Amino acid sequence: MKNIETNISGTAEITVSDRELAVNAESGSLEVFATPFMVALMEKSACNCLADYLENDETTVGTEINVKHVSATPNGMKVTATATLTEINGREFVFSVKASDETGIIGEGTHRRFLVNGTKFIQKTYSKIK
């Protein structure tokens with residue numbers, strides 16, 4: 001991994017469509033942006049934050065996420081997630097994450113990711129089924 005320091009940020013955006021609604025994601029019964037998709041967008045923003053620093057077969061995997069979904073977003077509205085790197089503990093990265101729609105913050109919290117070698121990680125994972 002290239003040299004990295006805290007306080008860098010990454011973003012990810014989505015325009016809410018039928019696919020991301022709670023009723024279709026089986027995470028609720030309403031036609032609003034589903035929490036699982038908000039979480040995925042937050043993770044994507046953290047991945048984007050680190051992308052330029054990874055080398056060779058390096059990647060990161062999510063190990064913890066703790067967020068609140070505080071406001072509903074309707075179908076058709078844009079949502080932007082931002083992850084800011086707040087701590088580096090060896091191969092562990094801690095982020096402050098937030099998501100906002102066109103009217104303000106809809107979610108916030110923390111997210112942890114861990115640096116791994118992609119090939120070794122997949123081999124170890126799939127050794128479970130041998």
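The legends below describe close-up views of a predicted model.

**View 1. The largest nonpolar core and the residues with the most contacts inside it.** The largest nonpolar core of this predicted model has 21 residues, and among these Val-79, Leu-85, Phe-93 and Phe-95 touch the most other members. Two or more residues of the core come from each of helix 2 (35-50), strand 3 (78-89), strand 4 (92-101) and strand 5 (104-117). Helix 2 gives the largest share, which amounts to six residues.

**View 2. The surroundings of Phe-93.** When neighbours within four places in sequence are left aside, Phe-93 is in contact with Met-1, Ile-4 and Leu-50, with Leu-85, Glu-87 and Ile-88, and with His-111, Arg-112, Arg-113 and Leu-115.

View 3. For a sense of scale, the C-alpha atoms of Val-16 and Ala-83 are separated by 19 Å, while the two residues are 67 residues apart along the chain.

**View 4. Val-32 in the loop between helix 1 and helix 2.** Val-32 has its place in the loop that lies between helix 1 (22-25) and helix 2, and its relative accessibility of 25% makes this residue count as partly exposed. Once neighbours within four places in sequence are set aside, the contacts of Val-32 are Glu-20, Leu-21, Ala-22, Ala-72 and Thr-73. From C-alpha to C-alpha, Val-32 and Ser-17 are 9.4 Å apart in space, although 15 residues apart in sequence.

**View 5. The salt bridge between Lys-78 and Glu-13.** Side chains of opposite charge can pair when their charged atoms come close. The structure holds five salt bridges, and one of them joins the side chains of Lys-78 and Glu-13, with a distance of 3.9 Å from N to O. This pair links distant parts of the chain, since Lys-78 is in strand 3 and Glu-13 is in strand 1, 65 residues apart. Lys-78 counts as partly exposed, at 35% relative accessibility.

View 6. Glu-64 and Arg-112 form a salt bridge in which the closest N and O atoms are 3.7 Å apart. Here, too, distant parts of the chain are linked, with Glu-64 in strand 2 (residues 58-69) and Arg-112 in strand 5, 48 residues apart. Both partners are partly exposed, Glu-64 with a relative accessible area of 41% and Arg-112 with one of 26%. Arg-112 also forms a salt bridge with Glu-92, and in this case the closest N and O atoms are 3.3 Å apart. Because Arg-112 lies in strand 5 and Glu-92 in strand 4, this second pair ties together parts that are 20 residues apart in sequence. Glu-92 is buried, with a relative accessible area of 19%. Through shared partners, the salt bridges join Glu-64, Glu-92 and Arg-112 into one network.

View 7. A disulfide is a covalent bond between the sulfur atoms of two cysteines, and the structure holds zero disulfides. Cys-47 is partly exposed, with a relative accessible area of 31%, whereas Cys-49, at 5% relative accessibility, counts as buried.

View 8. Phe-121, Ile-122, Tyr-126 and Ile-129 make a nonpolar surface patch of about 440 Å². Phe-121, one of these residues, has its place in helix 3 (residues 118-126) and is partly exposed, with a relative accessible area of 35%.

Note on methods
Residues are numbered from 1 along each chain as its sequence is written. This is a predicted model: local features need pLDDT of at least 70, side-chain atom pairs count only at pLDDT 80 or more; totals for chains, interfaces and linings use all residues. Side-chain values use heavy atoms; hydrogens and water are left out. A disulfide is a pair of cysteine sulfur atoms within 2.5 Å. Buried means under 20% relative accessible area, exposed over 50%, partly exposed in between (1.4 Å probe, protein chains only). A nonpolar core is a set of buried Ala, Val, Leu, Ile, Met, Phe, Trp, Tyr and Cys residues joined through side-chain atoms within 4.5 Å. Helices (H or I, at least four residues) and strands (E, at least two) are DSSP runs, numbered from the N terminus. Contact means heavy atoms within 4.5 Å. Patches are made of residues with over 30% relative accessible area and no salt bridge: like charges are joined within 9 Å, nonpolar side chains (Val, Leu, Ile, Met, Phe, Trp, Tyr) within 5 Å. Accessible areas come from the Shrake-Rupley method with a 1.4 Å probe; for residues, only the protein chains shown count as cover. A salt bridge is a side-chain nitrogen of Lys or Arg within 4 Å of a carboxyl oxygen of Asp or Glu.
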